[in-house]
Structure formats: C-alpha cells, structure tokens
Amino acid sequence: MGSVVISLDAELGWGFHDLESLPGRRVEAGRRGWSTMLELLETYEIPATWAVVGHLMLESCDGRHADHPAPDEWFERERTTWRDREDLRFCPDLVTDLLESDVDHEFASHSFSHVLFDRPETDAEIAAAELERSVEIAADWGLSIDSFVYPRNGVGHRDVLAEYGVRAYRGRSPTGDGVWGLLDSTIRDRSMLVEPTIDEYGLVDVPASLFLFGFEGPARTVAESIWRDPMVVQVRRGIDEAVRRDGVFHMWLHPNNLVGKQDDRRMRAILEYLDRRRSETDLRVETMNRIAQRTVDGNVTTASDADGGVISVSRPAPASRSND
Ligand SMILES: [Zn+2]
Ligand SMILES: [Zn+2]
C-alpha cells in the first residue's frame, strides 16, 4: 500500500529571526499561510504533521530567556525590532485552531526557538534546552512530542532527541531541493519515494521527498506563464509513484510559503489530486508518527528461543554521518 506524508514547519517569525536581512513577504505570510493550510487540509480531510516552534505556544516572554544556554544575542530580535511584533513571536490562537481542527493532525516539534542543530556552536546543552522547553510547553497544553523537524533540516544531536522521547524526525531528501531536485527526478528519472529507517538511537528517520516551494522566482513565473505549475506536475508523479510501487512519498513546506493566491492554488491542486488518488486506489495519507510506528512494527521480530514472546527491535549498525 502506498503512503503520502505531508509535514509543515510552523514557525512564524522564528524561521527568520537569526537572519540579517529578512524576506519580508515570507515573514508576513506566516499567519495567512497557517490559516489557509488548515482550511485546505480540512476541505480535503487530509491529516498532516505540524512541527510547531515551541515559543509560539507561550502567551508572552521577557525577550531575554536568561535561563536558556543560547548566547544572549539569540533572542535579540524579540527585544529590538520585533519588540512590538507579538504576532511573529507568539500564536497560541493558531495552535488552538490546529488542535481543534476536524482533521486528526499530528502535533510535532520544530524546536523551541529554531536553533540550528547542525552548527558547531549548538552544543548538547543548547540542544537539550530546546527539547526540554518544547516538551514542557507541550505538556502544559496536554500534548506530547513524537516527531521532530530540524530547523533548516540541519540534522544533529539525535541522541538528545531520543533522550527526550522523540520517536521520529524528518531526514534530508535524497534528491536535492529546488531546480536540482527537479532535474534529479524528471531528467534523471530518480525515484521520489523514501525509505524510513531506524537509526542507532532507535529514532525513525522519515526522509523528505520534496520541498513544495523549492522552485520559485523567475523560473517559476516563466514556467507558469506558458505551462501549468511544474511543482504540481512533480507532486503528481510522486503520488502516482507511491501508488504504483507501494512506497512513501513525503512532501513538506512552511505555512509561510503561501505568500499569495498562486501559492494557495498550488496547494489546492496538490491536495485535490491527493484526495482523488486516495479515493481511487488503496493509497493512504499518514503522519510521520504513524509511519514511525509502522516502521518499528515492521522491524519487530519475535525471538525464536525457548523464552518465546520476547520482542526485540532490530536496528541497523551505527552509521557515520557527516552532519551530526
Ligand atoms: Zn521570547
Ligand atoms: Zn524552520
């Protein structure tokens, strides 16, 4: 049976607060994109994994976070240019909308303050603080964290994730993002399906297949003016491949990628097609957590020794990875 996963990096201002120059339209699109995605997913009854930045779930803060081991400057924007921009720093309202949706979305984590886990300056203490706060805030809301999406996909400190009870994370796409990914999967005919695996910490890596807004700017404008949205074409191929080969196709985006009407149209076309293929075939739409559960279950073997009934999880040998 084929499966499609959609994950969203829900971050409002936190996805940009460390950048010198801000992509203004993206920054301002966070709230509209969030609400639009909730509406569209509800229209087509499609569940997604929403990885939320923990800080957004606070009502207020002092802008200092003195007990957080990150350097002082990390929260500087909260005290300066975004001092009066609570709408970029907090959104308990939008998180409530997400939790109250008629669709059974997965609530997941995108860290507490969008710390980049693959940077050398992010030590284990900072990583642990990000997880600890996220887990605490989630608990205050009566939630737990099963899945994690790394800020800017920078995989690192996987042991810390495991320590805090995370079960799954989104790994990097085997094909590139943007135009290179497009070339990989169209011209070189690379598969867009991904294979979830269990790492040496017992975490399930659910790699991304495709970033839905990696093909932007002038190239997109030209393509769309003479042809239909190339990203929709790509996604259709991915969904069809999942159906045909019983694999997992995992697409992702930020709500703030929905900057305007043409982005809304793209998402509507994608979800409409997914809904149609789901009704025509045995294709499923699943959350990252569900995929993780299935992956672990598939790896569970009953020991055949005399004790019987002993369950063991088979894990691959530790792999050396360059980015953690
Ligand atoms: Zn704060
Ligand atoms: Zn992010």
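1. Of the 324 residues in this predicted protein model, buried residues make up 53%. Buried here means under 20% relative accessible area, exposed over 50%, and partly exposed in between, with a 1.4 Å probe and protein chains only. The accessible surface of the protein is about 14,700 Å², and carbon and sulfur atoms account for 48% of that area; the areas come from the Shrake-Rupley method with a 1.4 Å probe, and for residues only the protein chains shown count as cover.

2. The protein contains 11 helices and 12 strands. These are DSSP runs numbered from the N terminus, with helices (H or I) of at least four residues and strands (E) of at least two. Among contacts between residues at least 6 apart in sequence, 76% join residues at least 24 apart, a contact being heavy atoms within 4.5 Å.

3. Donors are N, O and S atoms within 2.8 Å of the metal (3.2 Å for Na, K and Ca); water is not among the atoms, so sites may look incomplete. Histidine 55 counts as buried because its relative accessibility is 0%, whereas cysteine 61, at 23%, counts as partly exposed.

4. The zinc ion (ligand 2) is coordinated by Glu11 (OE), His110 (NE2) and His114 (NE2), at 2.0 to 2.1 Å. The spacing of these donors along the chain is E-x98-H-x3-H. Glutamate 11 and histidine 110 link distant parts of the chain, 99 residues apart: the glutamate lies in the loop between strand E1 (3-10) and helix H1 (24-43), and the histidine in the loop between strand E3 (106-109) and helix H5 (124-140). Both glutamate 11 and histidine 110 are buried.

5. Helix H9 (residues 230-245) packs with helix H10 (residues 261-280) at an angle of about 20°, their axes 10 Å apart. H9 is therefore roughly parallel to H10. Residues of H9 in contact with H10 include Met231, Val235, Ile239 and Val243; among those they and their neighbours meet in H10 are Ala269, Ile270, Tyr273 and Leu274.

6. On conventions, residues are numbered from 1 along each chain as its sequence is written, and chains are lettered from A and ligands numbered from 1 in the order in which they are written. In this predicted model, local features need pLDDT of at least 70 and side-chain atom pairs count only at pLDDT 80 or more, while totals for chains, interfaces and linings use all residues; side-chain values use heavy atoms, with hydrogens and water left out.

Methods. Axes are lines fitted to C-alpha atoms, for helices over the stretch in contact, and angles run from 0 to 180 degrees between N-to-C directions. Angles under 35 degrees count as roughly parallel, over 145 as roughly antiparallel, 65 to 115 as roughly perpendicular and the rest as oblique.
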